[in-house]
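Q: I would like a close look at a single part of this model, taken slowly and with its surroundings in view.

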Amino acid sequence: MVRLSRRDVLRHIGLGGLSLAMAATGCDTQEDEKGAHEMEPAAAGPQTYTLPDLPYESLEPVIDDATLALHHDKHHAGYVKGANAAVEALEQARAAGDFGLIKHWERALAFHGSGHALHTLYWTSMWPEGRGEPSADLAAAVEASFGDHEKMLAQFAAATKAVEASGWGVLAWEPVGQRLIVLQAERHQDLTVWGCVPLLVCDVWEHAYYLKYKNKRAEYVDACMSILDWQSASKRFAAAKGA
Ligand SMILES: [Fe+2]
């Protein structure tokens with residue numbers, strides 16, 4: 001079984017100092033357990049986006065193995081390829097001084113870059129049979145922001161189920177207002193609040209569930225909510241707060 005380290009996630013996302021990269025540093029690893037998980041400085045210079053390995057072998061029965069493999073190996077890989085292609089095209093545009101396709105490539109960068117970042121977080125938002133509980137600090141933030149854990153989960157699930165067309169449900173830390181919020185991200189990049197740090201995400205593009213759940217998105221979302229990885233989410237929260 002291959003597990004992601006914080007260093008791996010930062011390298012795979014390749015977003016340098018962006019908040020999404022910070023958000024992705026909560027993966028539990030054997031490295032973590034040894035206490036050797038201090039944030040390591042990113043390698044100098046821009047990083048090529050790479051597809052991370054899955055941190056587990058299966059999420060059955062919640063997500064069937066065929067969907068997991070296709071989702072990771074084909075769909076997520078496509079976003080990695082698309083993000084790198086956009087970066088390369090923009091580099092060529094700068095070199096040539098030709099920005100005739102600037103709108104196309106900037107949109108492609110936002111779409112594929114966000115798709116890559118969210119999928120990387122998606123693999124660490126669930127764990128076989130679920131894992132852990134919110135840390136004391138995260139639990140306090142949940143209570144302050146939503147009233148209690150059940151109200152937060154109810155909003156997270158309802159918002160995720162109600163995403164229009166393809167998108168994501170996102171539980172995020174919003175640093176300006178110092179609160180947790182739930183967002184609906186349409187496609188990958190629309191309807192965010194800048195500066196938010198995603199803690200948990202749920203993919204409701206049909207490719208995430210249609211083989212097993214067909215048109216029953218709500219059943220898929222409820223199943224995902226039953227195996228959330230609160231251990232990883234708590235670490236992402238601590239990183240976001242600078243704790
Ligand atoms: Fe997806």
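Which protein donors hold the iron ion, and how far from it do they lie?

A: In this predicted model, the iron ion has as its protein donors the NE2 atoms of His71, His119 and His207 together with an OD atom of Asp203, at 1.9 to 2.1 Å from the metal. The four donor atoms make angles of 89 to 133° among themselves, and the site is tetrahedral. Along the sequence, the donor residues follow the spacing H-x47-H-x83-D-x3-H.

In α6 (residues 136-146), the buried residues are Leu138, Ala141, Val142 and Phe146, and because they cover an arc of only 105° around the axis, they fall on the same side of the helix. On the other side of α6, Ala136, Asp137, Glu143 and Ala144 are exposed. Just after the helix, Gly147 takes a positive phi of about 105°.

As for the cysteines, the structure holds zero disulfides. Cys224 is in no disulfide, and the nearest cysteine sulfur, that of Cys202, is 4.1 Å away, whereas a disulfide would require the sulfur atoms to be within 2.5 Å. Cys224 is buried, at 1% relative accessibility, and Cys196 is buried as well, with a relative accessible area of 7%.

Technical notes. Residues numbered from 1 in each chain as written. Predicted model: local features only at pLDDT ≥ 70, side-chain atom pairs only at ≥ 80, totals over all residues. Heavy atoms only, no water. Buried < 20%, exposed > 50% of the residue type's maximum accessible area, 1.4 Å probe, protein only. Helix = DSSP H or I, 4+ residues; strand = E, 2+ residues; numbered from the N terminus. Arc of directions from axis to C-beta. Donors = N, O, S within 2.8 Å, 3.2 Å for Na, K, Ca; no water. Tetrahedral: all angles 85-135°; square planar, octahedral: opposite > 155°, others 65-115°.
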